[in-house]
Amino acid sequence: MNLWAIGCSYRTTPVEIRERLAFTDEQLNQALRQLADSLGFEAVILSTCNRVEVYLAGGPPQPPDSLTDFLANFHGLNPQELRSYLYVHQGKAAVKHLFRVAASLDSLLIGEGQIAGQVKKSYERALAAGTTGPLLNLLFPHARQVARRVRTETGISQGHVSVSSAAVDYVREVFDHFGDKTVLVIGAGKMGELTLKHLKELRPGHILVTNRSPEKARQVAAGCRGEAIPWEKLDDALTQADIVLSTTGSPELIVSRDRYNRILARRTRGPMVILDIAVPRDFDPRIHDGDRTFLFNIDDLRIIRDKTLARRREHIGPAEAIVEQETSRFLKDWARRSNGPVIERLTQQFEARRREIVGNLLSRLNGKLDDADRQYIDKAFSLFQNQLLHGPISALSEESRSGGSGSHTLIEALRKLFRLHD
Amino acid sequence: MNRITVLCFMASYVLALLLELLQLWLGRFYLRVLALIAGFAGLIAQTLYLYSRRPPLVWQFGWMLFMAWILAIFYLCGAVQHRRFSWGVFVLPLLLGLLALGLALGTPPPEARGLVQAELVSTDRFWIALHIGLILLATVSVCIAFLASVMYLFQSHRLRTKTPPGEGLRLLSLERLEDMNRQAIILAFPLLTAGILAGMALMLQGNRAVSWMDLRVLSTNSLWLVFALLLYLRYGYHLRGRQIAFLTIVAFVVLLCCLALTHPLPHPDRPQQEGRQGEANCPTSASIGRDERT
């Protein structure tokens, strides 16, 4: 199997190199066309923030140096420097690598679902550019199936691994419906934006935004279709809010225990969930009572992420087993497809030759043999033919299953040795 | 059908509970499906048992069996609706507890059959059936309110200790559990009130003497008072969350005491109780069954 996977990832390459190797949308089409036209390969390029990989199939069985030179030239890098960062997988290893990547077993956050979509998108782009062929057209859809199988048959995708989604999980443990809920956003930190984005997906009834800077409050409120309120009215807002997202850059506590108790005395609403993801913290941690107030700070949310990742790691073994199984299945399937025509022609040729020889022999011995003798001779020649072909066919099948490039050489040898013509 | 015993469906429910616990430990979904199948088998067996034996509701045994039967339906519906949550872990122990309590309080003699005494006149049969039906539904509602409260306290504890979502027991949100508790209490109170009123109507119709000191009357009225207090605290004082959950558990304990100590319905086979307590003040008294017999 003439298949190569060449690239770099967060495991082997610093971000400074990865970002220089990354392909923009325009560059992708251009690179795909060059790989297909100049080097004669089927090609798919997977370019994400954590990896850049080129999958090549068919074409001449070349060493990866030509591709390293291509990548270096394309991005204006030194080929020698680049070579030390690149990994190369060939044949079966390349198939397995793609399946592991698609199943998110090679990701920074194991089990994340984004990579399967990125693999699909890369393939679709290559398909649209016309740079895929029989092997990659079989390989990439199979990779999607592997990703789906791993996701559904193991718990590797369970739980949330981002702080913002973990925060929303906590909110869902307290509240059931959100149309009648008020979200209060305090501050305008970067992490707050992400969490607010997740909270907005719950479709809360009302969003209030407050900030020491009225201008920033208005900006954030405009972005989330909320209402900006003056910083001085924070206590009033806290009496109305059901979910509070605090992400200020304040060096000291904004809401002390005493201040909170005064707010609580004025509240008539149900429990309040406070997501204090500011560092240093904005709310006094002692206000968390697990009844009327549920306070979660950044460390609580990080603990969830760590525990989720630990739980996901427990599913790596079964997921790897699925990848291994699917790799074998793919190689068998590919061997059947690629060797099938050669084996069929070989068998047909031998069959025709055998019939001819047996026919001549029987006509020469005509009148001396009864039906049983004729059948015996016919069977003996069939057996001889099968035994003769068993060796080459088995060797070809084994070579194809191993995923090595030897199957290509063997097919060529068979064609020449037995004068097989298309 | 006659070979079905209480132990048959209790065993099915125990198996369902064990499978639910195993599912909690191993996290395999098929275990929950098996638990549902076991629970369903138990419900079928219990239905056949109730149909063939017709244990009288005047015995605590019959009462507990009917309560458990309604709870079994509640378990199956809830387990299908809330597949991702640890529903059976809470409902099944209560169901089994009621069955065990029924057995512990004594089974009726084999000749005692029929939900309501057949020898009563038709008008009384209607009022007694109404009385029984309303109070039975009220007690089931109390059981559901109790379950919602226990789940609320578990969930609240998980959040207080900041247990990561999805770890260990998976429960409905606090808001949903509080709603369930509230609705069950709101339903239980009028049912209980209407049940008591139906009993009073029956008693007045029979022109019977009223004894407010009858233990059954006292317990039924005290249960009504506990629920009235619970509603007052919920809506008058705006008590919420854990406090209301604790009070609901107290109300459930009062209900259990009422059911275990005495039975709110007439009991023709207990003359010693009638002799000790005298004539009852409502149709829940033992005298109804005796007086109406021809």
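Axes here are lines fitted to C-alpha atoms, for helices over the stretch in contact, and angles run from 0 to 180 degrees between N-to-C directions. The model is predicted.

**View 1. Helix α5 of chain A on its strands.** Helix α5 (residues 92-102) of chain A lies across β1 (3-9), β3 and β4 of chain A. The helix runs at about 50 degrees to β1(A).

**View 2. The antiparallel sheet of chain A.** Four strands of chain A make an open sheet, ordered β2-β3-β1-β4. Their pairing is antiparallel.

**View 3. Pairing of β2 and β3 in chain A.** β2(A) and β3 (residues 51-57) of chain A run antiparallel, joined by 6 bridges. A:Ala43 has its bridge partner in β3(A): A:Leu56.

**View 4. The parallel sheet of chain A.** Six strands of chain A form an open sheet in the order β7-β6-β5-β8-β9-β10. The pairing is parallel. β7 (227-229) and β10 (293-297) of chain A are the edge strands, and each pairs on one side only. Between neighbouring strands of this sheet the turn is 20 degrees on average, direction ignored.

**View 5. β8, β9 and helix α8 of chain A.** Strands β8 (residues 243-246) and β9 (residues 272-276) of chain A pair in the parallel sense over 4 bridges. A:Ser246 has A:Asp276 of β9(A) as its bridge partner. Helix α8 (residues 163-174) of chain A packs on the sheet and touches β8, β9 and β10 of chain A. The direction of helix α8 makes about 170 degrees with that of β9(A).

Note on methods
Residues are numbered from 1 along each chain as its sequence is written. Chains are lettered from A and ligands numbered from 1 in the order in which they are written. This is a predicted model: local features need pLDDT of at least 70, side-chain atom pairs count only at pLDDT 80 or more; totals for chains, interfaces and linings use all residues. Two strands pair if DSSP finds at least two bridges between them. Helices (H or I, at least four residues) and strands (E, at least two) are DSSP runs, numbered from the N terminus. Two residues are in contact if their C-beta atoms, placed from the backbone, lie within 7 Å.
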